[in-house]
Amino acid sequence: MARLELKSVGKSFGAARPADGVSLTVEPGEIVVVFGPSGSGKTVLLRMIAGMFEPDEGEILVGGRSIVGAAPERRGIGMAFQNFALFPHMTARDNIASGLGARAAASDAAPRVEAISRLLKIEHVLGHAPRELSNGQKQRTALARALIGYPDVLLLDDPLRNVDAKLRYEMRLELPNLLRRGAAAVLYVTQDYREAMAIADRIAVLVDGRLEQVASAEQIYVTPASVAVARLFGDPSINLAEVTPFAEHGTLSAMVSGAKVRLGSADGHLPDCPCWLGVRPEDLVISVSASEDAIPAHILAVTPMHEKAVLLLRLSDGTEWLTALPPDAPHGAANDAVFVRFAPEAALLFDRATGLRIGLSHRRQAA
Ligand SMILES: Nc1ncnc2c1ncn2[C@@H]1O[C@H](COP(=O)(O)OP(=O)(O)OP(=O)(O)O)[C@@H](O)[C@H]1O
């Protein structure tokens, strides 16, 4: 069992800087999901750890020892990638056994291949070549190969990207337990925020080669470190409005499309800068009754989805917001005039100059 540590890791390719001072620790048995937009540097990070190329700056340590410069096969690392990368001329059994490298005798390999295959429910296809396997079976074979050597560090680069939706859903439920069994430090890359939230002990949010936030899924959703992080999590994504908050009678408020909305109490440090106000779609309440703190709006469209109804709203100043309501909640129809409210606890404020979140004194806290 060994901890993976990245210390101020940097990497440039010409003008591109896919890793810029990345520091991160993954404990044995922990699953850290690296999540970020396309091109943010997720794959480059995994490849530096795997030894496909070296960082320009910083240190990568496994169990306290630097692995920078070490041959890839000597780093104690198991890997599975989105394209499976199975050897086409070998059976699933031999592909899995190849994960042991030269370390195990053939007699030792067989029972371990059987055991890991049972765990991954592929024991019935061990004699098949990769072309005879479904994508789900290929993905499990690649995972079995990565897991079989009980690596100290396991790197998984979007391993569920090429499997169908049903299997992806099942694997999201199964994978965390499976991965924890080996007690490896797991770094898991995905582009899907739901997958990140389902699998991770902690999520490391990478934007332009920098880690913007490393925290639990709930902390990231409820208290995102920046507006960039807030935008990456949630479907529909967070609603934003430009505001300049002000204090009045002990309350922090802001004008949103002509309505004075409360953001919390004004007892702490007051943001006196132009801000982004962020409100999650599920935190908006729609009604037909006016009041001082209700934002007038029109429903532009109603999209019934299976588990929710999504309403596209146009506030009276032209800003467009989305709400997500339970499908059976009364919500009106296109062209209806409505009023939009939200609780002060639901308001997020971000400094418009830096994008960083500003703490509000009565903001709900992540558990
Ligand atoms: N070998 C390379 N040579 C030059 N530039 C590279 C190389 N590998 C990656 N890059 C650049 O580094 C940046 C980050 O790439 P990376 O593949 O890590 O992104 P990513 O976050 O994994 O994206 P995606 O989610 O689309 O796979 C991109 O701008 C990419 O063009």
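**Ground rules.** I am working with a predicted model, where local features need pLDDT of at least 70, side-chain atom pairs count only at pLDDT 80 or more, and totals for chains, interfaces and linings use all residues. I number residues from 1 along each chain as its sequence is written.

**Overall.** I looked up the extent first. The C-alpha atoms fill a box of roughly 75 × 45 × 35 Å along the principal axes. I found eight helices and 22 strands (DSSP runs, H or I of at least four residues for helices, E of at least two for strands, numbered from the N terminus). Of the 367 residues, 38% count as buried (20 or more other C-beta atoms within 10 Å of the residue's own, with C-beta atoms placed from the backbone).

**Domains.** I took the bounds from the assignment, which is automatic or from a database. Domain 1 is 4-226 and domain 2 is 239-358. Their centres, over C-alpha atoms, are 39 Å apart. Each domain puts four residues into the contact (C-beta atoms, placed from the backbone, within 7 Å). On the domain 1 side I noted two nonpolar, two polar and no charged residues.

**Ligand shell.** Which residues surround the ligand? I listed Phe13, Ala16, Pro18, Gly36, Ser38, Gly39, Ser40, Gly41, Lys42, Thr43, Val44 and Gln191 (C-beta atom, placed from the backbone, within 6 Å of the ligand). β2 (16-26) and α1 (42-50) each give two or more residues. α1 gives the most, with three. By class, I get four nonpolar, seven polar and one charged. Ala, Val, Leu, Ile, Met, Phe, Trp, Tyr, Cys and Pro count as nonpolar, Asp, Glu, Lys and Arg as charged, and the others, Gly among them, as polar.

Conventions:
Contact = placed C-beta atoms within 7 Å. Buried ≥ 20, exposed ≤ 12 C-beta atoms within 10 Å, placed from the backbone.
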